[in-house]
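Biologist: Hi! Could you open the model for me and walk me through it?
Modeller: Happy to, here it comes.

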Amino acid sequence: MSSSSAASGISPIADAAPLSLCAREPFVPADRLVAEMVPPPRFDSVRFATYIPDPNQPSQTEAVGVLEAFAAGLGGAHTAGTAKRGFLGFGKGKAAKTPAGPRGVYLDGGYGVGKTHLLASLWHATPAEPSLKAFGTFVELTNLVGALGFQKTVQTLSGHRLLCIDEFELDDPGDTVLVSTLLGKLVDAGVALAATSNTLPGKLGEGRFASVDFLREIQGLSAHFRSLRIDGDDYRHRGLPEAPAPFSDEQVTKAAYATPGASLDDFPHLLAHLAKVHPSRYGALTDDLKAVCLTDVQPIPDQSTALRLVVLADRLYDREVPVLASGLPFDQLFSEEMLNGGYRKKYFRAISRLTALARDAKSLVKTA
């Protein structure tokens with residue numbers, strides 16, 4: 001304990017008080033937002049060689065071969081002609097011509113066939129500096145537009161060799177039009193594209209594949225995409241797992257104090273705080289966290305709050321940050337109306353991810 005702490009009578013446990021997400025209001029400069037568009041930590045080490053195709057599903061082996069060739073074809077000069085481009089690579093190339101044939105790939109398959117693994121492997125295999133490649137979810141891309149503005153986003157990404165978009169949100173018509181327009185600008189600038197997508201609302205029981213929906217939603221861009229169908233069963237055999245029972249406030253608080261780098265927040269206060277922080281900054285909000293401890297978890301009051309929590313859950317899951325909580329279990333966060341509405345896939349994903357992180361956090365109580 002420091003001498004200043006001793007003089008003030010602060011106890012050792014107070015001297016080691018946990019962090020608070022509610023005390024963080026990160027400012028994230030534009031260059032960091034773009035620099036962080038890389039595969040998340042869970043996919044740092046994946047490569048085509050670590051993807052194990054199902055021998056009973058030849059489409060999986062075929063997809064690896066096609067993507068390896070696609071990555072190899074992205075080497076060399078920027079297709080829009082960097083020598084003829086304007087200041088800092090922006091502006092139109094006078095003699096630039098987009099090469100014939102698809103400049104994009106769409107990975108079309110059900111849950112658990114390894115689409116994100118393959119998408120991240122494509123990013124890693126593309127022969128270009130990381131600063132010339134971008135990887136993010138559809139939500140992260142729309143958040144980037146919200147933070148930078150449309151024209152600045154076009155300028156920022158136009159010099160890239162490759163843009164990978166995971167979980168293209170077919171259930172959000174407004175954002176789909178926005179991103180489709182953005183992608184059109186980037187294709188004109190010579191940027192290669194790769195994407196996966198989710199399923200449209202109301203079609204969850206009609207089949208596992210969404211390529212027709214995806215190509216229709218991006219309209220004029222469809223000619224730029226080659227669809228790769230990836231058959232197979234969910235290797236994780238996911239359903240919606242039962243969330244572990246919550247701990248008591250006392251257990252959560254004790255674990256937060258005993259875990260270096262943990263945060264401790266009241267759940268309703270955290271939800272209110274998320275409304276003050278742009279979702280593009282939620283990654284920075286979790287910087288250097290080793291665990292998130294939450295007390296008094298309650299049902300989400302409205303859809304705007306629910307969608308913000310989904311983004312935070314994604315960032316925590318990407319960074320493998322365990323979540324320890326008291327109150328209600330995570331499978332009771334969202335109302336029946338939400339789980340039956342247009343954003344239900346987002347909410348089920350959040351429940352699944354928070355449940356996984358809650359299981360990871362169990363050891364914090366045992367060692368506290």
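**Talking through the fold**

Modeller: Let me start with contacts, meaning heavy atoms within 4.5 Å. Of those in the protein chain with a separation of 6 or more, 84% are between residues 24 or more positions apart.

Biologist: Before we go on, what kind of model is this, and how are residues numbered?
Modeller: This is a predicted model, where local features need pLDDT of at least 70, side-chain atom pairs count only at pLDDT 80 or more, and totals for chains, interfaces and linings use all residues. Residues are numbered from 1 along each chain as its sequence is written, and side-chain values use heavy atoms, with hydrogens and water left out.

Biologist: Great. How many helices and strands does the protein chain have?
Modeller: There are 16 helices and eight strands. Both are DSSP runs numbered from the N terminus: helices are H or I with at least four residues, strands are E with at least two.

Biologist: And what share of the residues is buried?
Modeller: Buried residues are 49% of the 368 in the protein chain. Buried means under 20% relative accessible area, exposed means over 50%, and partly exposed is in between, with a 1.4 Å probe and protein chains only.

Biologist: What about the accessible surface of the protein chain?
Modeller: That is about 16900 Å², with 53% of it belonging to carbon and sulfur atoms. The areas come from the Shrake-Rupley method with a 1.4 Å probe; for residues, only the protein chains shown count as cover.

Biologist: On to the sheets. In what order do the five strands run?
Modeller: The order is β2-β3-β4-β1-β5, in an open sheet with parallel pairing. Two strands pair if DSSP finds at least two bridges between them.

Biologist: Which strands stand at the edges there?
Modeller: β2 (133–137) and β5 (225–230) do; each has a single partner strand, so one side of each is left without a neighbour in the sheet. The twist averages 15° from one strand to the next.

Biologist: How many bridges join β1 to β5?
Modeller: Six bridges join β1 (residues 104–109) to β5, and the two run parallel. V105 is opposite R226 in β5.

Biologist: Now the three strands. What's their order?
Modeller: They go β6-β7-β8, again as an open sheet with parallel pairing. Neighbouring strands are turned by 15° against each other on average, direction ignored.

Biologist: And the pairings within it?
Modeller: β6 and β7 run parallel, joined by five bridges, with D266 opposite T295 in β7. Strand β7 (residues 291–297) pairs with β8 in the parallel sense over four bridges. Along that pairing, L294 has A325 as its bridge partner in β8, and V297 stands opposite G327.

Biologist: Is β8 enclosed or open, and why?
Modeller: It is largely enclosed by the rest of the structure, because four of its five residues are buried. β6 is mostly covered too, with four of its five residues buried.

Biologist: Which helix lies across β6, β7 and β8?
Modeller: Helix α10 (residues 249–258) does, running at about 160° to β7. Axes are lines fitted to C-alpha atoms, for helices over the stretch in contact, and angles run from 0 to 180 degrees between N-to-C directions.

Biologist: How many residues of α5 are buried?
Modeller: In helix α5 (residues 115–125), nine of its eleven residues are buried, including K115, H117 and W123. Their cover includes α4 (58–72), β1, β2, β3 (162–168), β4 (192–197) and β5.

Biologist: Switching topic: at what angle do α6 and α7 cross?
Modeller: The axes of α6 (residues 138–148) and α7 (residues 150–157) cross at roughly 115° and come within 7 Å. The contact is made by L141, L144, V145 and L148 of α6 with F150, K152, T153, T156 and L157 of α7.

Biologist: Last two: where is Q57, and what does Q57 touch?
Modeller: Q57 is in the loop between α3 (30–35) and α4. Leaving aside neighbours within four places in sequence, Q57 is in contact with D231 and G232. The C-alpha atoms of Q57 and D231 are separated by 6.2 Å, though the two are 174 residues apart along the chain.

Biologist: And T305, buried or exposed?
Modeller: T305 counts as buried because its relative accessibility is 7%. T305 is in helix α13 (residues 303–318) and touches L271 and I300, not counting residues up to four places away in sequence.
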